[in-house]
Amino acid sequence: MYRKPVPPVLVVIAHGSRDPRHAATVHALVRRVRSLRPGLRVETGFLDFNIPSVPGVLESLAAEGVRDVVALPLLLTRAFHAKADIPAVLRDAPAQLRIRQAEVLGPSPLLLTVLERRLYEAGLTPADKSSTGVVLASAGSTDPEAIAVIAEIAREWRRTGWCAVRPAFASAGSPSGFPRTGDAVRELRALGCSRVAVAPYVLAPGFLPDRIARGAAAADFLADVLGPAPEVARVLLERYDAARTPALAAVGA
């Protein structure tokens, strides 16, 4: 009798945080993914601070007899965690697991949709776009690829009609040349934008998003984080579907 092939288990890999809001947001997003794809097994593992750990999840799956896994970094850019930390963890996974690492979530037009909706939820309207400057505030990175992606997102978003869009980083010490959030707010004021809004390009609350919020004190509007938005869940499934194809080589192969 023909049996339908079992799809690979999706293991969502989150960074983890001491802030309990982080894990709560990750779990809410995973629940959203499950609701969009009934029948798909979705597990969550954390690199640090929270449980279950990624190695623990992979060992449990192997003990159950699972063979195929798609590991999806819950990250917005391909920086150190996606390029080094996560591949290292996956290489140490039980040998019987066939693991494919999916691409990170960004960039994606769906994420821009969420960013814009969060601004409207904060009080802006579409009629405000041409007179409003937006700070695209991300956590920060020293990785040139990640820096270039953030800069391009800001350029693309500006073309949709905002007065201006300035990328900014919450963390210091980056070679990007991007200002900190508060400095970017002041730049947009000086540019002549009638109002300034800060849009956090981060997935969940935590230490750096709180720093973004403090930097947004002089802004007129502060949007919420991306969170468990349905569009974010759809991006996760897009990345999963792309990674499960045979064309993507298994990790460590």
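A: In helix α1, the buried residues are H22, A23, T25, V26, A28, L29, V30 and V33. Buried here means under 20% relative accessible area, with exposed over 50% and partly exposed in between, using a 1.4 Å probe and protein chains only. Keep in mind that this is a predicted model, where local features need pLDDT of at least 70 and side-chain atom pairs pLDDT 80 or more, while totals for chains, interfaces and linings use all residues. Residues are numbered from 1 along each chain as its sequence is written, and side-chain values use heavy atoms, leaving out hydrogens and water.

What sits over those buried α1 residues? Their cover includes β1, β2 and α8. The element names come from DSSP runs numbered from the N terminus: helices are H or I of at least four residues, strands are E of at least two. As for α1 itself, the helix takes in residues 20-36, and its 17 residues should span 24 Å at 1.5 Å a residue, which agrees with the 25 Å between its end C-alpha atoms. (The expected span is 1.5 Å times one less than the number of residues.)

Strands count as paired if DSSP finds at least two bridges between them. β1 (residues 9-14) also pairs with β3 (residues 68-73), again parallel and over five bridges. Here I13 has P73 as its bridge partner in β3, and L10 has V70.

Put together, these strands belong to an open sheet of four, in the order β2-β1-β3-β4 and with parallel pairing. β2 (42-46) and β4 (98-101) are the edge strands, each pairing on one side only. From one strand to the next, the twist averages 25°. Helix α3 (residues 80-91) packs on this sheet, touching β1, β3 and β4, and its direction makes about 170° with that of β4. Contact means heavy atoms within 4.5 Å.

Now for the pocket, where α1 turns up again. The largest pocket has a volume of about 810 Å³. Its lining counts 34 residues, and those closest to its centre are H15, L75, A139, V202 and L208. The elements giving two or more residues to that lining are α1, α3, α5 (144-158) and α7 (207-215). A pocket is found on a 1 Å grid over the protein atoms alone: an open set of points with protein on both sides within 12 Å along at least five of seven lines, and lining residues have an atom within 4 Å of a point. Points are joined across faces, edges and corners, and the volume is the space filled by probe spheres set on them.

Going on from α5, D143 sits in the loop between β5 (132-138) and that helix. D143 counts as buried because its relative accessible area is 14%. Setting aside neighbours within four places in sequence, D143 is in contact with R78, A79 and K83. D143 is also 66 residues from T77 in sequence, yet the two are 9.4 Å apart C-alpha to C-alpha.

In the loop between β2 and α2 (54-64) you'll find P52, joined to I51 by a cis peptide bond with omega about 5°. F49 is in the loop between β2 and α2 too, and its phi is near 70°, positive although the residue isn't glycine. At 40% relative accessibility, F49 is partly exposed. In the loop between β4 and α4 (109-121) lies P107, and the peptide bond from G106 to P107 is cis, with omega near -5°.

Note on methods:
Axes fitted to C-alpha atoms, helices over the stretch in contact; angles between N-to-C directions. 1 Å grid on protein atoms, 1.4 Å probe; cavity = no way out; pocket = protein on both sides within 12 Å on 5 of 7 lines; lining within 4 Å.
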